[in-house]
Amino acid sequence: MILKNGKIKIWTAPYKNTKRTKLLYSNDLYSYIIILERNKNDMHIISSYLIDEPGYLKNVLKEYNKYKKSLLNKLRGFSF
């Protein structure tokens, strides 16, 4: 799922044998990420932190854009 509500980006990323949901809020002043993981019927906060290194934000955005591109490619191949 990609949800872009103003400045919040949401995507999933593989981690070991599961998927983690990531929420990124970013504006001109700061960027903040929340990482969630689903276990059976529950969702838990794994981590959340302020991103204060521009290089790290660049990597997070790269991961988001890669996910977005892969999802859009899947949707293009889907016929209604």
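The largest pocket holds about 250 Å³ of space, a volume being the space filled by probe spheres set on grid points that are joined across faces, edges and corners. On a 1 Å grid over the protein atoms alone, a pocket is an open set of points where a 1.4 Å probe fits, with protein on both sides within 12 Å along at least five of seven lines, and its lining residues have an atom within 4 Å of a point. This is a predicted model, in which local features need pLDDT of at least 70 and side-chain atom pairs count only at pLDDT 80 or more, while totals for chains, interfaces and linings use all residues. Residues are numbered from 1 along each chain as its sequence is written, and side-chain values use heavy atoms, with hydrogens and water left out.

**Pocket lining**
- The residues that line the largest pocket include W11, P14, K19, E63, Y67 and K74.
- Helix 1 (54–76) and strand 2 (8–15) are the elements that give two or more residues to this lining, and helix 1 supplies the largest share, 6 residues.

**Helix 1**
- Helices (H or I, at least four residues) and strands (E, at least two) are DSSP runs, numbered from the N terminus.
- The buried residues (under 20% relative accessible area, 1.4 Å probe, protein chains only) of helix 1 are L57, V60, Y64 and Y67.

**Strands 4 and 5**
- Strand 4 (residues 31–39) pairs with strand 5 (residues 42–51) in the antiparallel sense over 9 bridges, where pairing requires that DSSP finds at least two bridges.
- L36 has I45 in strand 5 as its bridge partner.
- The hairpin of strand 4 and strand 5 has 2 residues between the strands, and K40 takes a positive phi near 55 degrees there.

Terms used: Buried < 20%, exposed > 50% of the residue type's maximum accessible area, 1.4 Å probe, protein only.
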